Amino acid sequence: MESSPLELPVDAVRRITAELKCHPTDERVALRLDEEDKLKHFRDCFYIPKMRDLPSIDPSLVNKDENAIYLLGNSLGLQPKMVRTYLEEELEKWAKMGAYGHDVGKRPWIIGDESIVGLMKDIVGAHEKEIVLMNALTVNLHLLLLSFFKPTPRRHKILLESKSFPSDHYAIESQIRLHGLDVEKSMRMIKPRQGEETLRMEDILKVIEEEGDSIAVILFSGVQFYTGQFFDIPAITKAGQAKGCFVGFDLAHAVGNVELHLHDWGVDFACWCSYKYLNSGAGGLAGAFVHEKHAHTIKPALVGWFGHELSTRFKMDNKLQLIPGANGFRISNPPILLVCPLHASLELFQQATMTALRRKSILLTGYLEYMLKQYHSKENTGNKEPLVNIITPSRVEDRGCQLTLTFSVSRKGVFEELEKRGVVCDKREPDGIRVAPVPLYNSFHDVYKFVRLLTAILDSTEASQVF
Ligand SMILES: Cc1ncc(COP(=O)(O)O)c(C=O)c1O
């Protein structure tokens with residue numbers, strides 16, 4: 001779709017600044033970037049919350065009729081406008097024909113998940129048969145670990161990050177216990193170096209090299225939920241597999257955010273949720289990937305009737321004909337009301353393409369970083385407090401759209417003041433605020449307004465009393 005070379009954010013700002021003869025932090029730069037954005041029309045495909053509907057705003061500080069500054073697609077994506085239509089189609093079918101809905105229409109319920117799975121393949125870079133849409137993320141992680149984690153006395157560890165998402169941490173702890181193993185000995189967690197926030201690839205690879213013979217499964221996130229670090233999935237996969245480990249990824253913060261090539265990278269298994277960047281609504285239908293090389297060797301540990309071949313499923317003879325690969329992991333019939341929102345969103349991804357989205361994302365997040373540095377970095381302010389520190393890696397290859405910020409003043413005060421002004425982002429312990437401009441619906445002007453508000457908050461004497 002896009003063929004021109006990628007323009008770096010700093011170069012785009014410089015070019016526009018020269019054209020408009022204005023300062024790089026001028027609002028007109030953001031407006032020009034929006035004008036040039038070939039994906040800008042996708043914003044109209046989403047409901048953008050209005051200031052007046054947010055429970056946190058201070059009406060004296062905002063124009064209630066304006067759009068909120070929503071920078072939280074890393075937690076819950078916005079609602080595509082077609083969701084309601086697609087839900088209504090299925091509700092109508094149910095109302096009018098009851099059980100016949102299983103077999104007819106755009107999404108016959110019996111194959112509701114399969115009817116949209118093709119839209120997921122370019123997002124994760126996999127063959128259709130390697131992907132299954134089912135359950136929720138942690139449930140899928142458990143199902144996959146039940147098949148991939150087969151500890152032996154020699155190879156009994158699971159390698160993960162020390163700061164992995166709590167649900168992954170608990171899932172791994174419980175899987176280790178399920179095998180009667182000692183969590184202290186079998187759960188190998190890797191920490192950033194003292195004084196550092198993110199993990200260094202060389203440290204990850206060193207642990208794999210030194211301890212790989214005792215590691216059964218490596219389970220990393222694709223993009224780290226707190227720091228926004230995008231791990232080198234192919235390098236971790238290659239190193240782990242060279243040592244005989246299975247290598248899997250929790251892609252909650254990577255899917256729909258960065259380009260993925262699970263098949264070509266040879267990843268053994270992966271799972272993800274769809275309510276963040278994939279905009280399917282809270283608790284939406286999750287996904288799982290099992291590489292085709294395992295289709296006939298790795299079987300689901302827990303089986304249900306939707307893992308049985310469709311052609312003979314309704315013979316009801318209790319003679320299991322397991323579908324090879326990912327689809328055999330399905331246990332129950334697909335929830336059609338969860339298929340609809342995901343369908344509406346995945347169609348937009350298909351139209352936009354991940355390549356073009358990532359291209360915009362690099363520019364959008366780069367612009368956010370550039371603006372934050374202009375106002376709040378040590379280099380540009382001569383160490384003048386308050387300072388904003390970006391803990392997310394600065395290399396484009398090592399991050400997606402999210403930046404995690406820490407402050408030289410109280411995080412609580414900053415966050416509350418942002419909320420009052422209609423900025424929707426979130427805080428995560430210990431001291432970060434996560435900000436994620438999403439290329440599908442966020443604008444450069446959103447980023448501009450966010451930075452201006454943050455700056456006003458940090459500069460205000462009133463706020464400094466709060467801090
Ligand atoms: C990285 C990561 N893993 C796992 C989960 C848990 O997902 P679920 O509640 O859908 O199982 C989340 C939820 O936000 C997450 O961010």
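**Ring pairs and cores**

Reply: F148, F246 and F269 are linked into a cluster by ring pairs. Rings of Phe, Tyr and Trp (its six-membered ring) pair if their centres lie within 6.5 Å; planes under 30 degrees apart count as stacked, over 60 as edge-to-face and the rest as tilted. This is a predicted model, where local features need pLDDT of at least 70, side-chain atom pairs count only at pLDDT 80 or more, and totals for chains, interfaces and linings use all residues. Residues are numbered from 1 along each chain as its sequence is written, and side-chain values use heavy atoms, with hydrogens and water left out.

Me: How many aromatic pairs are there in the whole structure?

Reply: A search finds eight. In one of them, the ring centres of F148 and F269 are 4.6 Å apart and the planes are at 25°, so the pair is stacked.

Me: Is F148 buried or exposed?

Reply: F148 is buried, with a relative accessible area of 1%. Buried means under 20% relative accessible area, exposed over 50%, partly exposed in between (1.4 Å probe, protein chains only). F269 is buried too, at 0%.

Me: New topic. Which residues have the most contacts inside the largest nonpolar core?

Reply: F220 and W272, in a core of 68 residues. A nonpolar core is a set of buried Ala, Val, Leu, Ile, Met, Phe, Trp, Tyr and Cys residues joined through side-chain atoms within 4.5 Å.

Me: Where does this core lie?

Reply: Domain 1 (9-67 + 354-457) and domain 2 (84-351) both give residues to this core, so it lies between them. The domain bounds come from an automatic or database domain assignment.
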